[in-house]
Amino acid sequence: MSIAKRNSRLSAIAGALATLAAVPARADWSLLNMPRGVSELSREIYDMHMIMLWICLAIAILTFGAMAVAMIRFRKSRGAVADTRMLHNARLEAAWTIVPVVILIGMAIPSVEKLIKIEDTTGSQLTIKVTGYQWQWHYEYLDSGVAFFSRLARSSDRARQLGSGIDPNTVDNYLLDVDHPLVVPTGTKIRVLLTANDVIHAWWVPAFGMKRDAIPGFINEMWIAVDKDKPGTYRGQCAELCGADHGFMPIVVIAKPKAEFQAWLAQQKAAQS
Amino acid sequence: MAAAEHARDPGQYYFPHGSRLPFYGSVSLFVLMAGAAATLNGAGAGAWVLGLGFVMLCVLFFLWFGTVIHENQAGLYNEQVDRSFRMGMMWFIFSEVMFFAAFFAALFYARQLSVPWLGGEGEKAVTGLLWPDFDAGWPTNGPGALSPRDDGSYEIIPAFGLPAVNTALLLTSGLTITIAHHAMKMGHRGMLKIFLALTFLLGFTFLGVQAREYGHAYHELGLQLGTGIYGSTFFMLTGFHGLHVTVGAIMLVVIWLRCLKGHFTPRQHFAFEAVAWYWHFVDVVWLGLFIFVYWL
Amino acid sequence: MSTAYGSGTAGHVAHHGERPRGLGRWLTTTNHKDIGTMYLVFSLTMFFVGGTLALLIRAELFQPGLQLFNPGFFNQLTTVHALVMVFGAVMPATVGLANWMIPLQIGAADMALPRMNLFSFWLLFFAFVLLISSLFMPGGAPAAGWTLYPPLVLQSGSAFPMAVFSIHLMGASSIMGAINVIVTIINMRAPGMTLLKMPLFTWSWLITAYLLIAVMPVFAGGVTMLLTDYFFKTSFFNAAGGGDPVLFQHVFWFFGHPEVYIMILPAFGIVSEIIPTFSRKPIFGYEAMVYAIASIAFLSFIVWAHHMFTVGMPLAGQLFFTLSTMLIAVPTGVKIFNWTATMWRGSLSFEPPMLFALSFLFLFTIGGFSGLMLAIAPADFQYHDTYFVVAHFHYVLVPGAVFAIMGGVYYWLPKWTGHRYDMELAKWHFWLTTIFVNVLFFPQHFLGLAGMPRRIPDYATQFADWNMVSSIGAFGFGLSQLLFVWLIVKCARGGAPATAGVWDWPHGLEWTVPSPAPYHTFEKAPELK
Ligand code: HEA
Ligand code: HEA
Ligand code: CUA
Ligand SMILES: [Cu+2]
């Protein structure tokens with residue numbers, strides 16, 4: 001038995017070392033957690049996520065702590081004798097039913113508030129219709145009629161072929177680059193109408209916090225608003241399995257200050273007519 | 001197989017020791033399913049395999065129920081076995097209820113949610129932008145006006161024609177089988193045979209009427225499986241129901257034949273009751289159909 | 001394992017000379033122990049089949065770029081991996097345990113409907129023949145994920161009807177199996193074995209069986225609608241005809257959510273057997289444990305749309321499903337706390353079954369926590385369809401359901417074979433499995449939060465490191481399972497004889513019969529005090 005124990009300890013240590021060694025050297029916080037994002041909604045969602053994470057962590061410490069104490073203190077090998085009278089305890093059991101309920105109510109309240117806000121698409125200043133195709137996106141600015149398709153950039157497309165021999169690390173924004181990015185104004189509540197032409201897709205840019213399905217024959221709504229002071233390029237991917245090239249229909253959004261956006265839109269309009 | 005060989009305490013639960021039927025039955029269903037898949041995929045031999053599977057399945061039922069009847073007649077089943085069978089049948093019927101529930105759910109979902117949304121009403125009213133010409137309502141074959149007719153039109157079967165007749169037929173059959181059951185319990189075997197026969201005759205008449213109705217719908221009304229969501233829910237619900245009536249009626253015939261042979265006693269007639277329960281279940285489903293598919 | 005029966009039970013075999021030998025035995029047996037064994041062997045085989053597919057997935061995901069497969073084939077791997085693991089490995093394993101143990105635990109001589117029992121098994125077998133052969137059809141196996149969402153699944157090739165029919169067969173098999181379990185438990189208990197005296201494993205299966213009967217037919221109906229949409233022009237899932245693709249998702253998850261509890265409730269039952277044995281004291285709060293299982297089962301019917309927060313459900317729906325889903329944490333918490341309280345002031349020893357049960361306790365809870373996070377609709381808008389979800393469900397399924405099953409095998413194996421097994425080897429298996437399962441699945445939380453979608457064969461380069469770690473974990477985990485098989489084979493072949501009680505503190509009827517359990521047990525109902 002003692003050899004058995006030593007061996008299992010040894011194997012535990014060996015395993016732990018292997019785990020540590022496997023942790024990549026260039027660990028980076030942004031590769032571990034959800035991004036805070038660049039919009040009001042994304043921060044609300046991030047906060048919700050962190051609240052949940054901390055609550056779960058706290059409960060985990062308590063529960064796992066109790067288990068660990070039991071495992072250490074009540075070992076037979078240390079002479080522990082079972083107290084077989086301990087079969088139930090109404091008060092204790094009531095406590096660990098009611099306390100979780102209270103915690104859950106505490107979680108539910110902010111999530112309901114946030115949900116209501118997320119679903120409120122009223123008061124938008126711009127409407128963009130997004131249509132999913134196998135395998136590209138189509139964008140249409142409903143108010144101005146500007147419309148175009150957006151698909152995986154050629155450089156990524158070449159590298160992603162089976163056995164292409166091209167090292168993905170040499171491709172800029174591998175799989176996250178498109179030929180025609182969507183352009184949006186910052187500081188504007190934008191209503192996005194989502195639909196699809198063939199199968200279900202889902203439009204998702206993590207920095208905006210929102211993901212929603214694009215369903216053929218139906219229209220879903222959502223809204224996004226990029227912070228005024230956060231112009232930039234934001235990337236995302238199709239997030240609903242849509243066939244062979246589901247992994248290859250990225251989304252790229254360039255957020256520009258309002259004036260620049262208007263100029264861009266006017267230019268597009270001229271070019272398309 | 002060898003069960004009867006060793007001496008048994010008659011009060012003991014009967015466990016069959018070994019049987020070839022389950023394996024054979026699984027092979028039959030496998031052949032049936034593989035044949036059906038091949039047929040649907042348009043493989044030439046598919047239909048033959050499908051047919052073979054069907055024949056094998058019929059043989060299975062024949063052998064399996066034959067064995068059970070034989071064991072029963074040999075007095076191998078005590079009351080506890082009888083209880084097992086009863087519970088088994090009840091839960092089987094419950095599973096059938098859930099199967100129909102899926103199709104009823106589809107019907108309610110379409111009527112309450114998807115069709116209004118497509119017509120620009122309700123919470124997802126924006127969907128209406130995609131289908132500007134579509135007016136939600138029921139019955140409907142959808143914004144695409146799917147129908148075998150070129151103009152996209154179709155007609156439906158009014159509730160108070162043949163369907164009402166069919167309702168009457170099935171309800172009556174529910175009555176006749178109850179009478180037959182009482183007759184069985186009282187030991188009036190003549191009544192039993194007559195009312196049981198009446199029951200399945202009503203069942204087959206129902207099927208005949210439904211077949212006519214289907215023919216009419218397919219050839220004259222433009223109402224087919226492909227007639228949008230109305231056609232889909234209509235034919236799937238009534239079709240699966242019809243299938244169950246067919247099976248139920250065949251079972252009634254079998255039970256009737258067994259009555260003719262003098263099986264069953266006023267106290268022990270589980271097979272009869274099982275079929276009666278099944279028949280009542282089919283009856284109740286029809287009422288739901290009549291109300292939600294034909295009438296409302 | 002078949003050879004194991006021979007020696008110790010000569011008396012019984014002679015008495016029941018009707019047991020055929022060779023292959024014929026397995027084709028015709030109606031004995032619950034034989035059928036249980038067949039289910040377990042089938043399940044282990046399928047675990048390796050599904051695991052091999054998983055390893056192919058992990059091999060492709062080892063580094064960015066496509067090295068091994070076309071994207072279409074990758075999707076087939078994912079789909080078949082999940083179907084094989086869920087319907088071929090985990091469910092049959094728990095059915096196998098039910099077959100073996102329920103009659104032993106309630107003092108019944110066999111299952112109530114033995115012929116139907118065998119029918120369930122062989123139907124399952126042929127369902128998988130049909131499913132696996134669909135991999136070799138033109139166009140390959142279905143590639144729309146195990147969730148089979150239309151319209152995508154309607155683009156499948158000739159494998160499509162085969163997959164649908166194989167699901168029908170699995171459904172029929174499960175329903176028959178479930179009916180058998182219910183009838184056995186309700187009708188075959190030894191006198192004095194009242195419902196509230198039943199071991200918790202039996203209880204968990206009783207409730208699981210109700211779930212199965214309620215949801216398998218709904219799934220069958222759903223795939224039937226897919227079939228008619230594909231071949232007979234119906235428009236259940238087609239907007240042009242007035243249908244809605246999302247309707248399928250409702251039907252699927254009305255089945256699919258209870259389905260995940262169908263996999264975990266028997267696991268709860270197993271853990272509730274193991275922990276008292278190795279704490280040397282009865283379970284804490286027995287009745288609460290029963291009510292907790294029942295509440296979880298009830299709640300599982302009203303939470304399904306938490307898988308569909310992004311489909312654009314009406315606000316009221318999202319609120320309802322968020323709140324109802326969160327509630328499940330309460331009864332599950334009761335179970336976790338009662339297990340902990342069972343260990344409290346016990347006398348603990350750490351044999352392999354207990355090790356797996358403890359690992360289950362920790363790791364399943366982690367999976368439960370991530371589940372709770374997913375239940376919050378606003379947060380799920382970020383998590384949905386990312387590797388965070390993949391991490392969640394593998395934590396509840398692998399160190400959850402699968403660990404409990406392995407613990408159960410280690411717990412009852414001496415009872416089945418009559419031999420003690422190699423504890424040393426079992427501990428190696430345990431430690432390697434536990435370490436690698438975390439290396440395999442923990443990094444997937446990070447991947448998901450950082451934005452990696454699921455069901456993709458290739459990914460952006462920032463996800464490379466953690467994917468590599470995860471793949472290394474997968475191969476380590478897979479190789480460790482070879483120890484498990486080796487141990488089982490060794491134990492079935494021979495070893496030191498096991499006593500009837502096997503463990504220090506056996507409790508329950510199954511430990512009153514000799515080891516190996518004779519071919520026929522409790523032909524005379526046992527007496528209960
Ligand atoms: C055995 C299988 C199993 C189990 C047990 C669970 C358990 C739970 N699951 Fe999981 N789930 C799956 C299998 C399972 N799941 C699968 C397979 C999928 C993905 C399917 C697919 O898309 O392919 C999925 C997906 C999934 C989603 C959808 C995610 C998405 O696609 O976006 C959600 C969302 O709500 C969810 C929630 C939950 C919750 C709340 C529980 C709860 O039951 C967990 C309860 C447990 C605890 C909470 C821990 C213990 C409790 C305590 C210690 C008490 C105190 C705690 C608190 C008060 C916080 N699951
Ligand atoms: C009970 C269910 C179950 C189980 C046990 C597992 C077990 C495993 N799963 Fe599974 N998985 C699912 C259910 C399950 N999974 C589901 C439902 C999905 C969703 C599918 C979908 O999106 O539609 C999924 C999806 C899924 C994905 C995501 C795929 C994608 O999104 O594209 C991945 C990726 O890593 C994965 C990996 C694994 C691994 C590595 C294991 C390992 O635990 C497997 C370990 C077992 C073995 C490895 C076999 C044993 C050993 C050998 C074969 C010996 C040979 C060994 C060597 C040569 C090394 N699974
Ligand atoms: Cu489009 Cu996935
Ligand atoms: Cu769920």
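Let's begin with chain A of this predicted model, which contains 5 helices and 10 strands. The chain has 273 residues, and 49% of them count as buried. Among its contacts with a separation of 6 or more, 66% are between residues 24 or more positions apart. Chain A exposes about 12,700 Å², with carbon and sulfur atoms supplying 59% of that area.

Now to chain C and the iron atom of ligand 2. Which residues coordinate this iron atom? The protein donors are the NE2 atoms of C:H81 and C:H394, at 2.0 Å. The iron atom has 6 donor atoms, with angles of 88 to 179° among them, and its site is octahedral. For comparison, the ideal angles for six octahedral donors are 90 or 180 degrees. C:H81 belongs to helix α4 (residues 71–106) of chain C and C:H394 to helix α14 (residues 387–417) of chain C, so the two histidines tie together parts that lie 313 residues apart in sequence. Are these histidines buried or exposed? Both C:H81 and C:H394 are buried.

| Residue | Part of the residue | Atom of ligand 2 | Distance |
|---|---|---|---|
| C:R58 | N or O atom in the side chain | oxygen | 2.8 Å |
| C:H394 | polar side-chain atom | nitrogen | 2.8 Å |
| C:R455 | polar backbone atom | oxygen | 2.6 Å |

For C:R455, by contrast, a backbone atom makes the approach, to an oxygen atom of the ligand.

Finally, have a look at ligand 1. What is the only protein donor of its iron atom? It is the NE2 atom of C:H392, at 2.1 Å. C:H392 lies in helix α14 of chain C, the helix that also holds C:H394. The copper ion (ligand 4) and the iron atom of ligand 1 are 4.5 Å apart.

Conventions: Residues numbered from 1 in each chain as written. Chains lettered and ligands numbered in written order. Predicted model: local features only at pLDDT ≥ 70, side-chain atom pairs only at ≥ 80, totals over all residues. Heavy atoms only, no water. Donors = N, O, S within 2.8 Å, 3.2 Å for Na, K, Ca; no water. Tetrahedral: all angles 85-135°; square planar, octahedral: opposite > 155°, others 65-115°. Helix = DSSP H or I, 4+ residues; strand = E, 2+ residues; numbered from the N terminus. Buried < 20%, exposed > 50% of the residue type's maximum accessible area, 1.4 Å probe, protein only. Contact = heavy atoms within 4.5 Å. Areas by Shrake-Rupley, 256 points an atom, 1.4 Å probe, with all protein chains shown as cover. Polar contact = N/O pair within 3.5 Å; in protein donor to acceptor, adjacent residues only side chain to side chain.
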